[in-house]
Amino acid sequence: MERTTFVQHIRQQEKSNPGATGEFTTLMNEIIVASKIISLEVNSAGIGENVLGLTGKINVQGEEVQKLDEFSDITFTTIIGKSEAVCAITSEEKEDPYIIPSEDNPGKYIFMMDPLDGSSNIDVNVNIGTIFSIYRKKSEGDEVTDEDLRQKGDEQVAAGYIVYGSSTILVYTAGQGVYGFTLDPSLGEFFLSHPDLKIPEQGSTYSANEGNWGIWEENQKNLVSFLKEDNPSSGRPYKLRYIGSLVADFHRTLLKGGLFMYPKDKNSPKGKLRFSFEAAPLALIVENAGGKASTGKQRILDITPKGIHDRLPLFIGSKKDVEMAESHLSATEKKGGWFKWLSG
Ligand code: AHG
Ligand code: MN
Ligand code: MN
């Protein structure tokens, strides 16, 4: 059986773009290298030294840094930083952007990442992943400006993620279709396994941390209550699936359809997930697969963040399911809820 490697696929795509310089292909190749290193580390997490557990540090998000968070951050930063394809790297784990020094020959792209998503699942053998997003430097001249690091979601050149799970899968889009590749561990090579992925128009699953029920707004509770109602003619009740690793919950949603949501709540009044490292890249992927991504009110890709660590509510998945969520959220919000006293 003839199999298409990731590199072959990227080269084929590049041929249909006459202005391509090869820099994008180089960058994608380096992402592959870094992801293979992390995949190996994750697979040996139980036996490897210094892989499990905490570093004892707290990151810019105020969260405890796991050893694997740090390892992934360093691995990606080192490899992508020397690729000669990027001029800056931003990471969930780093407060400030890493600007590539001139001796490392900066390139034209900007790389943003959640180096390890699902940190709370590292020690328990549950799927975790890496999410990345690529923009082009917009400003003239050598300096990387604030405008370069805070671009509208729609301006992404490409985005993708790697799930380190029962197998390691890389899913990416460069704006023309969504493609999935599975790592063959015996060869150490990613092969095309999911050509031109499309998300079902409607699913039968919802995904949310329902433990937060007591700190949700009324409109959010109403939405989930609706999904749980017994109404077979409209496909309800929906099933509940929640892993707690966005990348894995999203991957399931992409393949099977449905709705993933992380709404704002009393403890996270702006939402928990990050625009640059989580919401925007997955929004680009889901839209290219025929789905939708929204804050509940606004299309994610229409947003220009104010800061590189901005957080926001996220509703992502099948087109009809996200639209249904939006209509519930806007219909019930007028009734009020805790957000009234919170914003007052
Ligand atoms: P990270 O591990 O990169 O900090 O991200 C964790 C995120 C995301 O993966 C997941 O969807 C969500 O946090 C889980 O949050 P809860 O534990 O609040 O459900
Ligand atoms: Mn994350
Ligand atoms: Mn992370």
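Two strands pair if DSSP finds at least two bridges between them. With that in hand, I looked at strand 7. Six bridges join strand 7 to strand 8 (residues 168-173), and the two run antiparallel. I am working from a predicted model.

**Entry: strand 7 and its partners**

I checked how strand 7 connects to strand 8. A hairpin of three residues joins them. Tyr-164 stands opposite Thr-168 in strand 8. Then I turned to strand 6 (residues 128-136). Strand 6 also pairs with strand 7 in the antiparallel sense, over seven bridges. Gly-129 has Val-163 in strand 7 as its bridge partner. I reminded myself that strands of a sheet pair through backbone hydrogen bonds, either parallel or antiparallel.

I sorted the side chains by direction. Ala-158, Gly-160, Ile-162 and Tyr-164 point one way, while Ala-159, Tyr-161 and Val-163 point the other way.

**Entry: the metal site**

Which residues are the protein donors of the manganese ion (ligand 2)? I found Asp-114 (OD), Asp-117 (OD) and Glu-278 (OE), lying 1.9 to 2.1 Å from the ion. The pair Asp-117 and Glu-278 links distant parts of the chain. Asp-117 sits in strand 5 (residues 109-117) and Glu-278 in helix 7, 161 residues apart. I noted that both Asp-117 and Glu-278 are buried. Next I followed Asp-114. Asp-114 bridges the manganese ion (ligand 2) and the manganese ion (ligand 3), which lie 3.8 Å apart.

I stayed with helix 7 (residues 275-288). Helix 7 lies across strand 15 and strand 17 (314-317), at about 25 degrees to strand 17. Both strands belong to an open sheet of five strands, in the order 12-11-13-17-15, with mixed pairing. Its edge strands are strand 12 (239-240) and strand 15 (292-294), and each pairs on one side only. I looked further in. Strand 11 (residues 205-207) and strand 13 (residues 259-262) pair in the parallel sense over two bridges. Ser-207 has Phe-260 as its bridge partner in strand 13.

**Entry: helix 2**

I looked at the span of helix 2 (residues 23-43). Its 21 residues reach 30 Å from first C-alpha to last, close to the 30 Å expected. Its buried residues include Phe-24, Leu-27, Ile-31 and Val-42.

**Entry: the domains**

The domain assignment gives domain 1 (6-194) and domain 2 (205-343). Their C-alpha centres lie 24 Å apart. I found 46 residues of domain 1 in contact with 33 residues of domain 2.

How values were computed
Residues are numbered from 1 along each chain as its sequence is written. Chains are lettered from A and ligands numbered from 1 in the order in which they are written. This is a predicted model: local features need pLDDT of at least 70, side-chain atom pairs count only at pLDDT 80 or more; totals for chains, interfaces and linings use all residues. Side-chain values use heavy atoms; hydrogens and water are left out. Helices (H or I, at least four residues) and strands (E, at least two) are DSSP runs, numbered from the N terminus. Contact means heavy atoms within 4.5 Å. Axes are lines fitted to C-alpha atoms, for helices over the stretch in contact, and angles run from 0 to 180 degrees between N-to-C directions. Donors are N, O and S atoms within 2.8 Å of the metal (3.2 Å for Na, K and Ca); water is not among the atoms, so sites may look incomplete. Buried means under 20% relative accessible area, exposed over 50%, partly exposed in between (1.4 Å probe, protein chains only). The expected span of a helix is 1.5 Å times one less than its number of residues. Domain bounds come from an automatic or database domain assignment.
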